[in-house]
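This report takes two chains and the contact between them.

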Amino acid sequence: MSEYEPIKKVSIICAKGGLDEVYPALIMANGARMDGIEASIFFTFFGLNAIMKKMVDNLKVATVGNAALNMAMPMMKFPITMPFPTLMGALPGVSSLATWMMKNEMEKLDVPPVSEFLEMISDAGGELYACKLAMDMFKLKKDDLVDEIQDVLTVGEFYEKSAGAQIIFT
Amino acid sequence: MAIREIAGATIEFDEENFMVDYTQWNEDIAKTIATEEGIDTLNDRHFVVLNFMRKEFEEKGTGPSIRKLTKQSGVPTKELYALFPGGPAKKAAKIAGITKPQGCI
């Protein structure tokens, strides 16, 4: 056992809206709840995509300008060191294909689709918040967001709610 | 490793207090471990969860993910968290007598 105090509370900031950018925040929040750690997620900027009714199950993996993407995706059997050609990523349907592949792999690992994942975290006692400034910028209303979002917060309110928490930026 | 007398049986536990051999488990042992984990009484719904976890462990060699557990055992997420306050993952596995969960979901 560690000599340090166990983590009791985490506040996770999700500021990006690609499928591969949203999942880490959801997995970490859910994992915290599974171990009895208090967890909240604050969705801001393009992270709001993950909680918009119209977008929640339409998130994509970027295949252009994504330096980490490689050719080792399951169907292709190319080496992981081979980069994904940007021009290929720009072809119609390629991003959708990459997205489909990732969703498929996630499902095999029992990772739910984003909408179901939000419901699961909420039911597990995790708190989900949207950023007021980003909502104003994108001209969004609370009604545009999935029901699991408890509140729209200013940065100050987010910090208040994060008292005693470890803050994680994803 | 620790060997302890528990509910009239001699049971081996690992460093984190998970049972080493799940076949030694019975309901009395579960009740005793539950008390140690802060759950005073185990009801029928607890045992729905515990038995589902044990069945999965027997078949797959590892406990189920929370998602699978809630979808297939008929115990929804909210209830699961209420049954095992303080985190269902490790706590329920301990009480079910299976090894530490390996999954992240």
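A polar contact is a pair of N or O atoms within 3.5 Å; within protein, one atom must be able to donate a hydrogen and the other to accept it, and residues adjacent in sequence count only if both atoms are side-chain atoms. Between chain B and chain A, eight residue pairs are in polar contact, both residues at pLDDT 80 or more.

The model is predicted: local features need pLDDT of at least 70, side-chain atom pairs count only at pLDDT 80 or more, and totals for chains, interfaces and linings use all residues. Residues are numbered from 1 along each chain as its sequence is written, chains are lettered from A and ligands numbered from 1 in the order in which they are written, and side-chain values use heavy atoms, with hydrogens and water left out.

**The interface**

Contact means heavy atoms within 4.5 Å. Chain A gives 18 residues to it and chain B gives 16 residues. Buried area is the accessible area (1.4 Å probe) that two parts lose on being put together, summed over both. Here the two chains bury about 1400 Å², with 57% of it on carbon and sulfur atoms. On the chain B side, Arg67(B), Tyr81(B) and Ile105(B) lose the most area to chain A, together 48% of what that side buries.

A salt bridge is a side-chain nitrogen of Lys or Arg within 4 Å of a carboxyl oxygen of Asp or Glu. The whole structure has 15 salt bridges over all chains. Six are found across the interface of chain B and chain A. One joins Lys90(B) to Asp35(A) at 3.3 Å, N to O. Lys90(B) lies in helix H5 of chain B, and Asp35(A) in the loop between H1 and E2 of chain A.

Helices (H or I, at least four residues) and strands (E, at least two) are DSSP runs, numbered from the N terminus.

| Helix of chain B | Residues |
|---|---|
| H3(B) | 66–73 |
| H4(B) | 77–83 |
| H5(B) | 88–96 |

H3(B) supplies the largest share, four residues.

**The sheet of chain A**

Two strands pair if DSSP finds at least two bridges between them. Chain A has an open sheet of five strands in the order E4-E3-E2-E1-E5, with parallel pairing. E4 (151–153) and E5 (166–169) of chain A stand at the edges with a single partner strand each, so one side of each is left without a neighbour in the sheet. The twist averages 30° from one strand to the next.

E1(A), residues 9–14, pairs with E5(A) over four bridges in the parallel sense. In this region Val10(A) stands opposite Gln166(A) of E5(A).

**The hairpin of chain B**

E1(B), residues 2–6, and E2(B), residues 9–13, pair in the antiparallel sense over five bridges. Ala2(B) stands opposite Phe13(B) in E2(B). The hairpin has two residues between the strands, and Ala7(B) takes a positive phi near 45°.

Note on methods: Axes are lines fitted to C-alpha atoms, for helices over the stretch in contact, and angles run from 0 to 180 degrees between N-to-C directions.
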